[in-house]
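Colleague: Please take a close look at the side-chain contacts in this model. I would like the rings, the charges and the nonpolar surface in one connected account.

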Amino acid sequence: MSRNEGHSWHQNLSMWQQICLMTSTLIGVGVLTLPRTTSSKLFEAGWIAPLIGSAGAFVSLWLIVKLSKRYPGETFIEYSHKVWGSASRPWVGKVFSFPWISIYLVYLYFSTAIVSRVFGEVVVTSVLWQTPLEAMLMTMFLLVFFLCMHEVEVVARVNELLFPFIILPLLFIALASFQKAEFGNLLPINHVSIRSMAEGVYEGIYSYSGFEIMFVFFAYAQKNTNKELAGFYSLLIAALIYMLIVVAGISVFGYEELQRVTWPTLELVKTTQVPGFILERLESAFLAVWVSAVFTTVANAFYVVVYSLRQLFRKGIWFQRIMAAILLVPLFYFSLIPQNIPEVFQVASLLGLSSLFINLLIPVVYWVAILIRDMMSKREEEDVDG
């Protein structure tokens, strides 16, 4: 039985589950800061960044989809040695693929730590003032560990279950925020320099980081499902929510005022009133939704790390569970290294640059290696025929 055939029974993630996985991972801590970060570069035109950023993200995701189709039923960890090696010299593939796999997993690991830290800072400074930051992080990591005890199908179902509880309230809150909007704050949009546009687009692309988990999850998609379309729908949903939140933030506060607010979306929610005063403190309901969004972001990324290690060492689920328990301990301490919120934002900015490397450079390099190898194989065949 071939390796692909051995995977066939696992390939049961529907297109809807793929959309839920991607969208739930994309929408996370960036929701709270995006109005400030994009308007700091693009001023009144900050809402353009999520639109252009989604286009850039789709190019990268399209390359990842093509890699998945080239090696159906195999994850990034499994097909990497085939890209860099050959059947006659498999050790070459293992040696040359190891640095790329390591970069991918290290990035996901540290980004998980920073996202968790932002989650803890928001909850502690906004709602649970007397609760230690460490307690919030430990609670999140225990939930993540519980998810890592299961197989891929369970992760997909958890994302599918939480998806409507994340997306629908966010759309409602974004639309309800327009009650106090002054659309004159969105004008003019024609005095943005090329450099500012590039920096703003970078912030937009970084806000879509997270779809790199599909290096692994695409391997378990049902056969003949349209992965490109699943990626397009996921980015479209995220772009719509991001754009509405940024437009609402700029139109309500103005871009100058947004620069003075740490969590602009949370402040935006505080200004929103539900007709009939059904909910007096809407920010509490918003944070409940946001916690679910952050959980899926953190859990999906960390799951990919431990699951990839399981595949790298070709072990069973018992190994995955042990690695999850071991890796959560240093993850907890890594998340506490930044001393304050400005340092957290600095580290997050560095991870943003890393996300561009992971999401775009790795697929491009892999495709270049594949094309070169295909050309060499074709030339060898022609020489033999000749």
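Modeller: Start where a charge meets a ring. The charged end of Arg36 lies over the ring of Phe345, at 4.9 Å from the ring centre. Keep in mind that this is a predicted model.

Now the rings themselves. A pair of aromatic rings is described by two quantities, the distance of the centres and the angle of the planes. The structure holds 25 aromatic pairs. Take Tyr109 and Phe110. Their ring centres are 5.8 Å apart and their planes stand at 80 degrees, so this pair is edge-to-face. An angle over 60 degrees is what that label requires. The two partners differ in cover. Tyr109 has 9% relative accessibility, so Tyr109 counts as buried. Phe110 has a relative accessible area of 33%, so Phe110 is partly exposed.

Next comes Phe232 with Tyr233. Here the centres lie 6.0 Å apart and the planes meet at 55 degrees, so the pair is tilted. Phe232 is partly exposed, because its relative accessibility is 40%. Tyr233 has a relative accessible area of 35% and is therefore partly exposed.

Rings also gather in a group. One aromatic cluster is formed by Tyr71, Phe76, Tyr79, Trp84, Trp100, Tyr104, Phe215 and Tyr366.

A search of the whole structure gives eight salt bridges. One of them joins Glu74 to Lys82, with the closest N and O atoms 2.7 Å apart. The cut-off for a salt bridge is 4 Å. Glu74 has a relative accessible area of 1%, so Glu74 is buried. Lys82 has 32%, so Lys82 is partly exposed.

Glu257 and Arg260 make another salt bridge, at 3.1 Å from N to O. Glu257 is partly exposed, with a relative accessible area of 34%. Arg260 reaches 62%, so Arg260 is exposed. The line for exposed is drawn at over 50%.

Then look at Lys270 and Glu267. Their side chains meet in a salt bridge of 3.5 Å, N to O. Both sit in helix 13, which covers residues 264-270. They are three residues apart there, so about one helical turn separates them. Lys270 counts as partly exposed because its relative accessibility is 42%. Glu267 is partly exposed too, with a relative accessible area of 30%.

Last, the nonpolar surface. Val59, Leu360, Val364, Val368, Ile372 and Met376 make a nonpolar surface patch of about 490 Å². Helix 16, residues 341-385, gives the most to this patch, with five residues. Val364 is placed in helix 16. With 34% relative accessibility, Val364 counts as partly exposed. A patch residue needs over 30% relative accessible area, so Val364 clears that cut-off at 34%.

To recap the main points: Arg36 sits over the ring of Phe345, Tyr109 and Phe110 pair edge-to-face, Glu74 bridges to Lys82, and helix 16 gives the most to the nonpolar patch.

Conventions:
Residues are numbered from 1 along each chain as its sequence is written. This is a predicted model: local features need pLDDT of at least 70, side-chain atom pairs count only at pLDDT 80 or more; totals for chains, interfaces and linings use all residues. Side-chain values use heavy atoms; hydrogens and water are left out. Patches are made of residues with over 30% relative accessible area and no salt bridge: like charges are joined within 9 Å, nonpolar side chains (Val, Leu, Ile, Met, Phe, Trp, Tyr) within 5 Å. Accessible areas come from the Shrake-Rupley method with a 1.4 Å probe; for residues, only the protein chains shown count as cover. Helices (H or I, at least four residues) and strands (E, at least two) are DSSP runs, numbered from the N terminus. Buried means under 20% relative accessible area, exposed over 50%, partly exposed in between (1.4 Å probe, protein chains only). Rings of Phe, Tyr and Trp (its six-membered ring) pair if their centres lie within 6.5 Å; planes under 30 degrees apart count as stacked, over 60 as edge-to-face and the rest as tilted. A charge sits over a ring if NZ of Lys or CZ of Arg is within 6 Å of the ring centre and within 35 degrees of the ring normal.
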